Amino acid sequence: MYSPPSDPIAEQRMRAHHWRAAQELTVTVEPTGEFWGWAGRTLGVPARTAAGALVWLRLVSAPADKASGKLWDGARDAQRVFGDLDGHRPALLGLWETVADGTAYRAELSAYVDQPVLSDDPVLHRGLELSDSWWTDLTEVLEKVAVLGTDRVAVRQQYMDRAIPQFVGIEPPAAPCWTTAHGDVHWANLTAPPLRILDWESWGLAPEGFDGAILYAYSLLQPDVAARVREIFPVLGSTAGLAAEATVCAMLLQTVGRGDNLVLEDPLREWAHNLRRRCPAS
């Protein structure tokens, strides 16, 4: 689980604006269950409506001049396009936003998810026993997402052209097909049972197989789970999925270079080695 901002003033402001958002959206925050996101950028807490229904109130912050675009509008756009995906995505119930001291804040009020996430960290550090029906639900939900059109972009060709040679060591493979992806399918965004897929900030167009490749990357410390991911996403390992795999491998190796996901460095480098062997131009 992530921690509050390292700056006490930023933490105080996040708490103050979260409290104000609760007032504006007419909910009462529960005294337990606080959850901070990466670098203290988000703060989520259970809350109750006036009717007593349990909901989730999440506050997102960003510099005011960057409070727009894909990440900022992801939850709102996802609600408009996907709805609740037959109960597999928490419905967005309300929004509130403000700007103060050069920082923009947006509160997202969502349906509450009773099930805990499968990991407190995106990287899976322990084995999992998941039913066949859970895996089937995951693939079916992502297939529904994949066929819905959008002009949002999860990963850009320009990034692939730059990052894949730098971090994987191959020329960027052509993506035969671009489909709509969640864009951040890792173990801290999944629940079981039943399946819920959380945090739809990053969704948009990506090379086919992108979501499966992300889940595989975050499973690398658990070989049995990683093998299961490749089994249920057969595009991985194919020519059609090479662009997605190379992109995700490059993305995660880039984070390693920044000091994040260091536990994945060795398996990521092995993955990159295997991708170089598979690449026709290698």
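Setting aside neighbours within four places in sequence, Pro4 is in contact with Glu11, Trp36 and Gly40, where contact means heavy atoms within 4.5 Å. The structure is a predicted model, in which local features need pLDDT of at least 70 and side-chain atom pairs count only at pLDDT 80 or more, while totals for chains, interfaces and linings use all residues. Residues are numbered from 1 along each chain as its sequence is written, and side-chain values use heavy atoms, with hydrogens and water left out. A search of the whole structure finds seven aromatic pairs.

- Pro4 lies in the segment before helix H1 (8–24); helices (H or I, at least four residues) and strands (E, at least two) are DSSP runs, numbered from the N terminus.
- Pro4 has a relative accessible area of 32%, and is therefore partly exposed; buried means under 20% relative accessible area, exposed over 50%, and partly exposed in between, with a 1.4 Å probe and protein chains only.
- Pro4 and Arg15 are 11 residues apart along the chain, and their C-alpha atoms are separated by 9.9 Å.

**Thr139 in helix H3**

- Thr139 is placed in helix H3, which covers residues 132–146.
- The relative accessibility of Thr139 is 14%, so this residue counts as buried.
- Beyond its neighbours within four places in sequence, Thr139 is in contact with Ile232 and Phe233.

**Backbone features in loops**

- Which residues does a cis peptide bond join? The bond joins Pro193 and Pro194, with omega at about -10°.
- Pro194 is located in the loop between strand E8 (190–191) and strand E9 (196–197).
- Leu85 is not a glycine, yet it has a positive phi of about 50°.
- Leu85 belongs to the loop between helix H2 (69–82) and strand E5 (92–100), and it counts as buried because its relative accessibility is 9%.
- Asp101, also not a glycine, has a positive phi of about 55°.
- Asp101 sits in the loop between E5 and strand E6 (103–111), and its relative accessible area of 60% is why it is exposed.

**Aromatic pairs and a charge over a ring**

- The search of the whole structure gives seven aromatic pairs; rings of Phe, Tyr and Trp (its six-membered ring) pair if their centres lie within 6.5 Å, and planes under 30 degrees apart count as stacked, over 60 as edge-to-face and the rest as tilted.
- One of these pairs is formed by Phe82 and Trp203, which are edge-to-face at 4.7 Å centre to centre, with 65° between the planes.
- Phe82 lies in helix H2 and Trp203 in the loop between E9 and strand E10 (204–207), so this pair ties together parts that are 121 residues apart in sequence.
- Both Phe82 and Trp203 are buried.
- Tyr216 and Trp271 form an aromatic pair that is edge-to-face, with 5.0 Å centre to centre and 75° between the planes.
- Because Tyr216 lies in helix H5 (residues 210–217) and Trp271 in helix H8 (residues 265–278), the pair ties together parts that are 55 residues apart in sequence.
- Tyr216 counts as buried because its relative accessibility is 12%, and Trp271 is buried with a relative accessible area of 4%.
- Phe82, Trp200 and Trp203 form one aromatic cluster.
- Arg230 lies over the face of Tyr216, at 4.6 Å from the ring centre; a charge sits over a ring if NZ of Lys or CZ of Arg is within 6 Å of the ring centre and within 35 degrees of the ring normal.
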